[in-house]
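Subject: Structure handover

Hello,

Here is the structure you were to take over.

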Amino acid sequence: MSILVQNITKNYGNQKALNDVSFEISSGEIVGFLGPNGAGKSTMMKILTTYISQNSGSVNVYGFDTLQNPIDVKKSVGYLPEHNPLYTELYVKEYLQFHANIHHTSNNRIDEIINLIGLKPEKNKKISQLSKGFKQRVGLAAALLHNPEVLILDEPTTGLDPNQLSEIRNLIKEIGKTKTVLLSTHIMQEVEAKCDRVIIINKGKIVADKNLKELLENQEQIIEVEFDLNVDIELLNKIPNIKSVKNVFDNTWYLTFDNKKDMRSKVFDFAQENGLKTLQLQQKTNSLENLFQTLTN
Ligand code: ADP
Ligand code: MG
């Protein structure tokens, strides 16, 4: 077991940020930690990395208790905090040197990590001169310098443009092949693209802990359809095998079916039979999004 969280409660004054949170993560897993803003993700991560302590419960990381052996936990964990705090007046190499000194890692390792993270073209620049994507790489490099077993990444892709996003995503996926990774995000696609498992937290409580493959296999079928005219919801509810109907905007609807067979042709037939024109028709695979909305709304 790489991470073992048992009955963690954390209060900030009167406010309960975490309420009896428990979960386990095995070695080598990549787990997405999903929840709306204010759910308690960063608080949990700060406890996992020993930056703050809980009011009750226990956390064990790579065999070490966070309260009893915080130094050993820090040695085992690489942490990229939310908003990636960097010393932007330092040069990339200076900054990594600073981190290497903290962890007593060798200078060779700095060059090694610069190559691994794809920082070579920017390695002689000041951090303030770097794009957001490269700044994120510097944060990741610092977290990985001491070659930790466990990586804790707090919203590592928030604020990146689509190109930077896919680069950082791929990098994390690559790193994740040899490490245990817990990454927080409020972006569903992030989890679908990278993770083996998803833990969803809402208002300080864990509301779901699911294997992504199982989740995607058991998903319902959702069809997004746009008609040219307004339709009565009662009429839509008569489409065969329909489970639920939701109006997205104007004449666009989400139709949920409880069977696996592609129902697009049935929706098309329905439109024809009722004198409607179909302007748009597509199958959506957003079971995670549905789960998230149901559990955190
Ligand atoms: P998330 O990372 O999921 O957005 P946080 O863990 O940052 O959530 O916050 C959880 C809750 O705890 C929020 O309601 C937040 O306002 C509160 N909180 C976080 N840090 C502090 C703090 N240092 N002092 C007081 N309240 C805090
Ligand atoms: Mg946060």
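A residue is called buried here when its relative accessible area is under 20%, exposed when it is over 50%, and partly exposed in between. Arginine 109, with a relative accessible area of 14%, is therefore buried. Please keep in mind that this is a predicted model.

Arginine 109 has a charged partner. Its side chain meets that of glutamate 112 in a salt bridge, at 2.7 Å from N to O. Both residues belong to helix α4 and sit three residues apart, about one turn of the helix. Glutamate 112 has a relative accessible area of 47%, so it falls in the partly exposed class, whereas arginine 109 is buried.

Other salt bridges

The count of salt bridges comes to 12. One of them joins glutamate 89 to lysine 126, where the closest N and O atoms are 3.2 Å apart. Glutamate 89 is in the loop between β6 and α3, and lysine 126 is in the loop between α4 (107–116) and α5 (132–144), so this pair ties together parts that are 37 residues apart in sequence. Glutamate 89 is exposed at 55% relative accessible area; lysine 126 is partly exposed at 23%.

The side chains of arginine 169 and glutamate 190 also meet in a salt bridge, at 3.3 Å from N to O. Here the partners come from two helices: arginine 169 from α6 (residues 162–175) and glutamate 190 from α7 (residues 188–194), so the bridge ties together parts that are 21 residues apart in sequence. Arginine 169 and glutamate 190 are both buried.

There is also a network of salt bridges, which links Glu29, Arg197 and Asp209.

Serine 42 counts as buried, at 15% relative accessibility. Glutamate 82 is partly exposed, with a relative accessible area of 28%.

Regards

Methods:
Residues numbered from 1 in each chain as written. Chains lettered and ligands numbered in written order. Predicted model: local features only at pLDDT ≥ 70, side-chain atom pairs only at ≥ 80, totals over all residues. Heavy atoms only, no water. Buried < 20%, exposed > 50% of the residue type's maximum accessible area, 1.4 Å probe, protein only. Salt bridge = Lys/Arg side-chain N within 4 Å of Asp/Glu carboxyl O. Helix = DSSP H or I, 4+ residues; strand = E, 2+ residues; numbered from the N terminus.
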